[in-house]
Amino acid sequence: MAEINGVRRSRTAGGVLVAATVATGLMAGTFYVFACAVMPALARSDDRVYVDVMRDINEVIENAVFLPVFLGALVLAGLAGWQSRRAPGRWWVWAGATAYALAFLVTVAGNVPLNDALARPGDPAALRERFEDPWLAWNAVRAALSTLATGCLAAGAAARVRTMSWAASGVVRREAVPGSPR
């Protein structure tokens, strides 16, 4: 722990918060690109191409780049929340961690089961009919939640930086302890 004019700060907490913000931002961007480009492009395809491409995407996205960020954003946001429990901006950090946890839950409970159903054999037109609209809706929800998470975590980081800057300049002082000189 470092102390600046009586304000205690963990040396790693700021780094964890920045990493959580970057990871949630990457996830928000991933979901946003699907909403803005990937899915509208696939919508122009016939049923067989649509199903085959989505199956390929669902298979290749489980890789050593995507999964650590997807899971890491959850862990880092939770850890940042825990580390911020007594810090300025903690409510922003907790809001960000909660928003990303909800985005994670939407993915696991909404999008992944739809992906699994699409992977099963069947008529491409019927598979697409059951998949496309619900998947798009859940993707929009997780994109919005991940974006919200990124904004909240960034606000928490900004509050922390502001307070540390004030503490370093002497504007923020340690609360007076009864019986101690100011």
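Predicted model: local features only at pLDDT ≥ 70, side-chain atom pairs only at ≥ 80, totals over all residues.
Biologist: Happy to! Why are α3 and α4 called roughly antiparallel to each other?

Modeller: The axes of α3 and helix α4 (residues 90–119) cross at roughly 155° and come within 8 Å. Because the cut-off is over 145 degrees, α3 and α4 are roughly antiparallel. Their crossing is left-handed.

Biologist: Which residues of α3 and α4 make the contact?

Modeller: From α3 come F70, L71, A73, L74, A77, G78, A80, G81 and W82, and from α4 come V93, W94, A97, Y100, A101, F104 and T107. Sorted by class, that gives 13 nonpolar, three polar and no charged residues.

Biologist: I see glycines there. What class does Gly count as?

Modeller: Gly counts as polar here, and G78 and G81 of α3 take part in the contact with α4.

Biologist: On to the next pair. At what angle do helix α1 and helix α3 pack?

Modeller: Helix α1 (residues 13–43) and helix α3 (residues 66–83) pack at about 140°, and their axes are 8 Å apart. That makes α1 oblique to α3, because roughly antiparallel takes an angle over 145 degrees.

Biologist: What makes up the contact of α1 with α3?

Modeller: On the α1 side, A13, V16, L17, A19, A20, A23, T24, L26, M27, T30 and F31 meet F66, V69, F70, A73, L76, A77, L79, A80 and Q83 of α3. These residues divide into 17 nonpolar, three polar and no charged.

Biologist: Why are α2 and α4 called oblique to each other?

Modeller: Helix α2 (residues 47–60) and α4 have axes that cross at roughly 125° and come within 10 Å. Roughly perpendicular covers 65 to 115 and roughly antiparallel starts over 145, so α2 and α4 are oblique. Their crossing is left-handed. The contact joins V51, M54, R55 and N58 of α2 to N115, L118 and A119 of α4. It has four nonpolar, two polar and one charged residues.

Biologist: How do you know which class R55 belongs to?

Modeller: Arg is listed with Asp, Glu and Lys as charged, so R55 of α2 counts as charged.

Biologist: Where does α1 bend, and by how much?

Modeller: At F34, α1 bends by about 45°. Even so, its 31 residues reach 43 Å from first C-alpha to last, close to the 45 Å expected at 1.5 Å a residue.

Biologist: And where is the kink in α4 centred?

Modeller: On T107, with a kink of about 35°. The 30 residues of α4 reach 42 Å, close to the 44 Å expected.

Notes: Residues numbered from 1 in each chain as written. Heavy atoms only, no water. Axes fitted to C-alpha atoms, helices over the stretch in contact; angles between N-to-C directions. Helix = DSSP H or I, 4+ residues; strand = E, 2+ residues; numbered from the N terminus. Parallel < 35°, antiparallel > 145°, perpendicular 65-115°, else oblique. Contact = heavy atoms within 4.5 Å. Expected span 1.5 Å × (residues − 1). Bend = angle between axes of the 7 residues up to and from the residue. Left-handed = near helix turned anticlockwise from the far one by under 90°.
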